[in-house]
Amino acid sequence: MSNTGIGAPVRRKEDFRFITGQGRYTDDIERPGQTHAYFLRSPHAHATIKKLDVSAALATPGVVGVLTGDDLAKDGVGGLICGWMIHSKDGSPMKAGAHPALAQGKVRYVGDHVAVVIAETLAIAKDAAEKIAVDYETLAPVVDMNAATGKGAAVIHDVAPDNRVYDWHLGDKTATDAAFAKAKHVTKLDLVNNRLVPNPMETRAAIGEYDAGNDAFTLYTTSQNPHVARLVLSAFIGIAPEHKLRVIAPDVGGGFGSKIFIYAEETVCVWAAKKVGRPVKWTSDRTEAFLSDAHGRDHLTHAELALDDKGKMLAMRVHTKANLGAYLSTFSSCVPTYLYAPLLSGQYDIPAIYCEVEGIYTNTAPVDAYRGAGRPEATFVVERLVEVAAREIGQDPAAFRRKNFIRKFPHQTPVIMAYDVGDYAASLDKALDLIDYKGLGRRKRDSARKGKLRGLGFSAYIEACGIAPSAAVGSLGAGVGLWESAEVRGNPVGTVEVLTGSHSHGQGHETTFAQLVSDRLGISIDQVAIVHGDTDKVQFGMGTYGSRSGAVGMSAIAKALDKVIAKGKKVAAYALEASEGDIEFKDGRFSVAGTDKSLAFGEVALQAYIAHKFSGQELEPGLKEGAFYDPTNFTFPSGVHVCEVEIDPETGVTKIDRWVAVDDFGVVINPMIVEGQVHGGIAQGVGQALLEGAHYDASGQLVTASYMDYCMPRADDLPSFRVDHTTTPCPSNPLGIKGCGEAGAIAAPPAVINAITDALGHEDVAMPATPQAVWRAAQKAARLAAAE
Amino acid sequence: MYAFTYQRAKTVRQAAGLLAKNADAKLLAGGQTLLPTMKQRLASPSAVIDLGKVEGLAGIERKGRTVVIGAMTKHSDVATSAIVREAIPALAALADGIGDPAVRNRGTIGGSVANNDPSADYPAACLALGATIVTNKRKIPADAFFQGMFATALDEGEIIVKIAFPAASKASYAKFPNPASRYAMVGVFVAKRGSDVRVAVTGASSDGVFRWSAAEEALRARFNPKSLEGVSAKADGMIADIHGSAEYRAHLVGVMTKRAVTAALGK
Amino acid sequence: MTTVTMTVNGKSVTANVDPRTLLAQFVREHLRLTGTHVGCDTSQCGACVVHVDGRAVKSCTTLAVSCDGAAVTTIEGLANGAELHPMQAAFREHHGLQCGFCTPGMIMAAVDIVNRKGHVLDEHTIREELEGNICRCTGYHNIVKAVEAGARAMAPGAAAIAAE
Ligand SMILES: Cc1cc2nc3c(=O)[nH]c(=O)nc-3n(C[C@H](O)[C@H](O)[C@H](O)COP(=O)(O)OP(=O)(O)OC[C@H]3O[C@@H](n4cnc5c(N)ncnc54)[C@H](O)[C@@H]3O)c2cc1C
Ligand code: FES
Ligand code: FES
């Protein structure tokens, strides 16, 4: 292992600009002649717009333009799309209602876009927006998922008269019902997966710009996948053909899924730039972000697990209602279906699984992928069911899990996935050791002496990452392929540029990708530059989400590097006057086998460009290679997280006392960065379990629209984490990488709730387990104990 | 924020004069409440009168058994003041628990007391310690000053100049922060002076800070957490929101009072 | 419009501004010092923390005109030329940042903690003192380590000790 190669905890190359205040985020960019956009948003959850009069706003000094849905329609600008087709049980396609970037006659959630005011300053735009007269006729709001599909509920989209987007299923119902019929024990649970707001610290922002001379657009935007944004904006929304639309995603301050999607605001900014003839900038404030960023999770689930007389799992049955909000966001349809149900087997050998999912419209913000996307929801179902089942049949939860673990690989689950490799017991054993499971009884007694309740909870999770084999996802309804591209440019002096379709917004690609190059080419990481986030520089790419940049993005780079080395061997053969078959490449040198004749990578690069030693007819000059990598399977990171809590039953305050994470991510490029990803993921998972919850009142107003009410995890809410790993290299990609970006967020919520319910003597608590919720459960547990 | 004119006052008199001229003007102290409110366009003063450079409004001094704190004294200065820490350590601890360090570096005691947010901390200390709020016009006892959520005895144009806190023999503040905002969801200040005991509760009631007389009575008999057994606050009139029901808040009032008494006893 | 004069990162600046200009807007838009970030509307996230007369304040909740005569330090003014401030170096060394958006405010707040609480900080103190700074990426684990190490490195003579 070189000190900057694969496996080294290299300090990040990108950090210097961030710690010195020289990062360049979208809002930091100022374009000449830039104007400012402010969106007038609906104050109502559900209303028709009877009249919209913008004349007073337009007459305000300093206002450059006021645009509405009518203007969009006149220009033939298409609506926002949902890129994954889901079919219901009966074979009918999902019911996607129109999603105009600015409302056309109707608003469907508080925060929906009614009009945009473009002015010299943001303050003027805001002042003018107050002068827009809107005559709303309010309709009954549909907020509650259960009520949404009931009789008499107002209809949000005419295409979906019962507010159902789809009624989907996966698995073998007959086999599952049969297994339940012969079960000795059935565990049943009703679960709420609470609605979350992603909250990257950088809010979304966009600058649209139009170059009349070339009839070309540029969009600077906070995107996790600028190429997909360009594809959607040109092919579907119709802003401009691809070669006339450049999308740049500069430094991006976190995404967690919420910056994958193509939203109304950037669509409007880029379109409006041509209409007003000046660059148009919009930066979300935090309240707008709460109202209009796509939210995450929001499931209501009933789940059942069937066991035989020895506690062996026989079957699982799951029914889920998934809130999709008022419109279908870009990938929303696949999150509670194909990113959810295929994970319901967890780490367990379960012969039969059947899952039904209803996707439901409500008058709330659209719901889409948030860190983990579907997989945290599945893991919560599996790990709560498993924990409760173990308790119900009186088995130790660790032993119960171990008994049911999958041990033979590859393993075909009853829900699509073919797990390639893993050693689940190894992670569990290590975790038990690190948490000091044996000492739990003593620690519980110590806590009891102080009047506190202590509990421990496990979460043995699996996730499907490295999204994804294109043909496979295509057959499941995806609108795009999910390969990744890379181009490696060897420069004449031996430095290297890597152009990647992945996008970094905190993941440290500038470092890890350079480590791969350093490892393969034997050059220092300082000789390597990673280029990403600009559709004019990088030809195409699918972006970063679903923990795919390592397994898919880096595999593409590895493939391109292989081609560079192969080409280098040809050049070296000419330069060293040897036959190509005798050239070896090792530690950055091309050498002739069995001799001391060799050339460094940089020397060969120079030879490739000066092209004096070979004829251009036999070999093309230059050293630049590209590759597209399409994965052959998903990857399956897995692990065991253990959480230990201490509860103050008088106040209901839960303190996380210990956290152990043992993950199997396959091969790790930079352990420092990987651990950082785990820490961040756990914090978001703990946030979901204890603190965070987006709450709409009955009229559809978002009550938690700022940090005054939406509780973000802070430093003093969290402990330090003990993070360790086991390793089974992934066989399906050349690097053995599985992916790590979402593991913590997936693993954490059930670990926390399992720990709390353990402390409370099994009394259930819904997420977020706020002090009040835990206090109530503790009261109830105490009453039940007293009654016994 | 809406547009406003900005005025800097050099003296309290000048500030009062500017206020008198414009009923729509607002005083700006630390700005930690006023500016967020204006940013959200929930307040729209036509003029803002900055007290930042008014002489003599900031500072802490001891007068016998009383600690006098200037209205423009920042929370961080109260928290770290040797005088306060010696005479009324509970008050320094309270100041140290307001918001976060950056908020404490700008927010002032005068602004907090004038604002009388139902979840603010200082009002509980004023009420429990029997403080006197001194304005440019008069002296107002705390018992008469706080008049319900965001309401005070201050007249239009009246400016808080300083606040005098008589020391107590035993005192403590126990705060249960709102998990999101970190303001007090329930905060209880207990103070014992001779045979008198005062218990002031903030955060809980929709009427703002209040004295909990049942607890005071019980504690006057014996200043011990055990005296509070069987004494419970009523849920009627307590704030109910997504963070806590009225019942939960009432329960927390009892718990925090016990904890404050325990801490006041140095246990 | 109101005239304001202040020292920013050692340089005197005078400007005529709309009184509603916040200090955060002033440094970002007027001075183009975009290292100071804005992450919320309710004065809670701390992305905007700068020092005014040596104390950490939230520049999103401070009027620029209120800083007349003050000395302001932003993240851009922390390093001594090419030489990083020890707290900046500690954030890099301990991987205390991911997306980098909260980082300038975190570092400015961290330096303020050391100024107030000294060079030896325990985990509990650091976590409590960071109450006003939200990070969504790191789970704070490595930020806590970075602040602890940065605090030590800020002690007079620390560099000399470290070099030994
Ligand atoms: C993130 C955050 C967290 C906070 N957490 C807490 C908390 O936990 N507990 C808590 O108690 N507070 C909290 N606060 C509020 C903080 O304490 C404020 O500093 C305080 O409420 C107001 O003081 P100020 O000096 O900032 O006043 P300003 O905001 O400047 O003014 C507030 C009001 O008082 C008026 N006013 C100011 N000074 C005077 C005076 N001398 N005479 C008459 N009227 C005057 C103003 O006109 C205005 O109406 C928090 C604030 C923030 C931003
Ligand atoms: S931007 Fe200042 S605290 Fe969030
Ligand atoms: S590093 Fe992204 S918010 Fe802290």
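Author: The count of disulfides over all chains comes to zero. Cys740(A) is in no disulfide, and its nearest cysteine sulfur, that of Cys465(A), lies 8.6 Å away. The model is a predicted one. Cys740(A) counts as buried because its relative accessibility is 14%, and the cut-off for buried is under 20%. Cys60(C) also counts as buried, at 4% relative accessibility.

Now the meeting of chain C and chain A. Chain C gives 42 residues to the contact, and chain A gives 53 residues. About 4,100 Å² is buried between chain C and chain A. Carbon and sulfur atoms give 54% of that area. On the chain C side, Arg92(C), His95(C) and Arg136(C) lose the most area to chain A. Together they make up 19% of what that side buries.

Next, the polar links. Five salt bridges are counted between chain C and chain A. One of them joins Arg28(C) to Asp28(A), with the closest N and O atoms 2.8 Å apart. Residue pairs in polar contact between chain C and chain A number 30, both residues being at pLDDT 80 or more.

Which elements of chain C give two or more residues to the side that touches chain A? They are α2 (86–93), α3 (103–117), α4 (123–129) and α5 (141–154). The largest share, four residues, comes from α2(C). By type, the residues on this side of chain C divide into 15 nonpolar, 15 polar and 12 charged.

How values were computed
Residues numbered from 1 in each chain as written. Chains lettered and ligands numbered in written order. Predicted model: local features only at pLDDT ≥ 70, side-chain atom pairs only at ≥ 80, totals over all residues. Heavy atoms only, no water. Contact = heavy atoms within 4.5 Å. Buried area = accessible area lost by both parts, 1.4 Å probe. Salt bridge = Lys/Arg side-chain N within 4 Å of Asp/Glu carboxyl O. Polar contact = N/O pair within 3.5 Å; in protein donor to acceptor, adjacent residues only side chain to side chain. Nonpolar A, V, L, I, M, F, W, Y, C, P; charged D, E, K, R; others polar. Disulfide = S-S within 2.5 Å. Buried < 20%, exposed > 50% of the residue type's maximum accessible area, 1.4 Å probe, protein only.
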